[in-house]
Each structure stands twice: as structure tokens, then as C-alpha cells.
Amino acid sequence: MGGFAGSHHHAIARLEERGHARLICTCDPHAPKFSAEQQNWRLAARNVKVFDDYRPMLEQCHRDLDMVVIPTPIQLHAEMHAAATSYGLPAYVEKPPTLDYLELEKMIAADARARKASHVGFNFIIEKLRLSLKERLLAGEFGAIHGATLTALWPRPASYFTRNDWAGRLLGPDGRVVLDSCFGNAMAHFVHNLLFWTGGPELFSWAQIAAVRAELYRAHAIEGADTFFVETDTSTGVTMRFALSHACAGASTHCEMVLCDKAAVRYAVGGSIEIRWNDGRVDKSQLEPFDPLLENHLEFFRYLRGENSRPATTLSDARPFVALNDLAHISSQTITPLASAQVCGVRDEKEQKDYFQVANMASAHESFLGRGVWPSACGWGRAPGEVVTPVDLPRFHDVVRTMAGR
């Protein structure tokens with residue numbers, strides 16, 4: 001019931017009011033702590049059964065269920081998905097499904113037991129303008145794709161990394177892989193989006209990873225990384241660059257760019273689309289209002305009713321994203337603490353929260369995305385990451401354990 005699960009509760013309550021769904025049961029190991037939320041969600045009035053363990057919940061209620069929603073800590077997704085599919089139930093699994101490539105394969109195998117395929121909650125794939133723009137890319141209207149970039153600065157205060165016992169961690173308290181980060185969790189939507197833009201030939205397709213090089217940094221006193229610089233080549237020869245960070249202050253910014261032979265396409269989630277043609281024309285359009293959770297639930301319901309042929313993102317579709325995240329850690333080998341001279345504290349008096357700001361972060365993003373200049377070449381205190389490929393994935397667990405040990 002805590003964390004992002006609350007957003008799902010609000011969405012389902014609205015959908016229930018409209019007659020699209022009915023919440024049968026819910027659980028939380030500390031359910032009494034959420035008495036106010038339970039009253040706000042009117043669980044008793046809606047005849048929702050409340051449990052403190054998902055296993056007896058599924059055992060008692062599975063015959064009444066069409067699907068299960070799993071908006072829980074990353075390291076719990078696989079076991080909960082396995083429990084749901086053992087009863088034949090598909091799941092709406094929050095992103096990321098897992099950040100362990102081997103665990104993802106187990107989830108894909110388990111999903112075959114369910115009556116329908118599960119959906120992974122990467123929110124923005126089903127935006128109508130995104131889908132129509134992908135169709136135009138596939139049709140060759142903008143020429144061949146030769147590159148794509150993602151820049152994203154999402155400030156997170158120090159308190160963000162103490163929100164639970166796995167925040168900012170490489171491994172959970174029980175030793176399971178977590179890899180909570182801007183790349184793997186908070187901004188995973190946008191990383192998955194970029195892979196979607198460069199995938200083909202079908203509409204619902206994602207780029208396949210051929211090679212990865214990365215540099216990972218931290219400004220906060222955490223186990224994982226809060227800043228990623230990642231470059232990957234796809235199997236079709238497209239080069240993608242990602243520059244993401246939580247070590248910043250001020251307003252959140254992000255931009256997805258697709259670079260084609262005839263035009264550059266800029267897509268800002270929640271904002272606008274801009275197409276800059278090589279002949280000087282500029283086409284702009286505003287994105288339509290979009291409620292991600294509500295729309296993704298409705299889209300999954302359509303699939304479960306047989307109106308759609310597939311979920312927007314299946315577990316198999318998440319393979320490129322999980323592999324890219326894992327290979328970025330393997331390539332970087334270490335997470336480099338940023339020098340204190342680079343980092344200053346910023347107090348937001350309105351929020352009463354403290355942020356870290358890396359002085360040259362914006363220029364580092366610009367140099368990397370535009371010219372391929374790595375931070376390591378600009379005095380960021382580390383050696384370049386090595387180039388790795390999917391054949392290096394078996395090194396993943398040893399690399400992460402070594403990182404955590406440091």
C-alpha cells in the first residue's frame with residue numbers, strides 16, 4: 001500500500017467508479033500503518049479484502065481475479081510474479097520488472113503459465129502521438145535513423161535515498177540485485193522509450209544491444225550511482241547516448257532525440273514534439289493530456305478482454321532495457337565518487353529539502369551527447385569504461401558484488 005502502490009490504488013478506484021474494473025483484494029505486510037489510506041480508498045465500503053501477505057491472498061482469492069498488480073520493491077517482483085502465474089494469472093508488473101538479466105529470463109518462463117501475457121509498466125509507449133511518430137520513422141519519412149540521445153536531469157533530495165531500505169542500493173539487505181538508480185528505475189521509462197524509437201521493423205519492437213560503454217558516478221553517499229553516461233551501438237548500427245542524473249537542483253528536464261538522415265525528432269514527455277528538417281522546416285505539436293497509470297491499466301484491460309493482440313510492453317520486450325542496464329555496470333566496473341570541489345549543496349527553502357548540484361553537469365551532458373566527449377576526458381577522476389557486448393553478461397553478478405563491496 002505504500003510508495004507508488006498508492007498511485008495504483010487511486011487509479012483503480014477511479015476505474016472502478018467508471019465500471020472498468022473491481023478491486024478484489026490487496027495486501028501489505030504493515031497494513032495497519034495505512035489505516036488512513038484504507039479509509040481514503042474506501043476499501044471496506046468496496047468490500048476489498050485486506051491481507052498482510054500476498055501468498056495467502058492469492059491462495060484465497062485467485063479464482064475471483066483476472067490480473068494482479070505488482071507495484072512493490074524491484075527485488076520482490078520476480079517472486080510475486082511467479083506466485084501469480086502459478087495460478088494462471090497475468091500481472092501488471094511495475095517497471096523495472098527486474099534489473100537482473102537472469103531473473104528476467106525466469107520471469108519470461110514463468111509468464112508462459114499464465115492465461116495471458118503480463119504487462120510491464122513502462123508508461124509512455126502507448127501515447128498516440130508516440131505510436132504514430134514511430135510508424136512514420138518505420139516508413140522512412142525522416143530517412144534512416146543513425147543516432148538517438150536522451151538527456152535527463154531529475155533532482156532528488158538527500159531524503160530520496162533514505163525513503164526505504166533499498167533506495168540507491170546495488171544489492172538489497174538480503175543480497176538480491178536491486179540496482180536502484182536514475183537509469184534503472186526513476187528514469188527507466190525514458191531509456192525504454194529511446195530503445196523503442198530505434199527498434200524495428202514492427203511497431204512494438206525495441207533495439208537490440210550490440211555494444212555498450214559507460215561511466216557511472218555518484219555525488220550522494222549511496223551504494224549505487226546517481227549519474228550515468230552510457231553509449232550503446234545497436235545491432236542495426238544506430239548509436240545511442242544517454243546522460244542522466246539525480247545530482248542536480250532546480251526544475252526537472254529531459255529530452256528524447258532521434259537523429260535521422262532528413263530530420264532530427266525531439267520528443268519531450270508531457271510537453272511537445274519538434275521535428276527539425278535538414279531543409280530548415282520546423283514542425284511543432286503539443287502532446288495530448290495523458291494519465292499514464294489510468295491509460296496503461298485501460299490498455300491492459302483491452303488486451304485481457306481480447307480487444308488488443310498484445311500488452312504494450314511484455315517481459316520479453318524488456319530484455320534490451322535490462323541488458324543495457326546490466327552491461328552499463330559491467331562496462332563502468334566502478335562507481336566513481338565525484339570530487340567535493342565539483343559538488344555544492346543547494347537548500348530549497350520552499351520544500352525544506354537539500355540537494356546536491358554538480359557544477360559542470362549541464363556542459364558535460366552537452367559535450368557527451370553532441371560530440372561524444374566522455375566526462376573521464378574532462379577531469380572527472382576516472383579511467384574510461386571498457387566496451388562490452390552481450391557475451392559479457394555472465395560477468396554481471398561478480399561486478400555488482402565487487403561494486404557493493406567497495
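Is F396 buried or exposed? F396 is buried, with a relative accessible area of 0%, where buried means under 20%, exposed over 50% and partly exposed in between (1.4 Å probe, protein chains only).

The model is predicted, so local features need pLDDT of at least 70 and side-chain atom pairs count only at pLDDT 80 or more, while totals for chains, interfaces and linings use all residues. Residues are numbered from 1 along each chain as its sequence is written, and side-chain values use heavy atoms, with hydrogens and water left out.

Across the whole structure, a search finds 20 aromatic pairs. Rings of Phe, Tyr and Trp (its six-membered ring) pair if their centres lie within 6.5 Å; planes under 30 degrees apart count as stacked, over 60 as edge-to-face and the rest as tilted.

Select Y101 together with F396: the ring centres are 6.2 Å apart and the planes stand at 80°, so this pair is edge-to-face. Y101 is also buried, at 16% relative accessibility.

Next, select F196 and F204, a tilted aromatic pair with 6.4 Å centre to centre and 55° between the planes. F196 is buried at 0% relative accessibility, whereas F204 is partly exposed at 25%.
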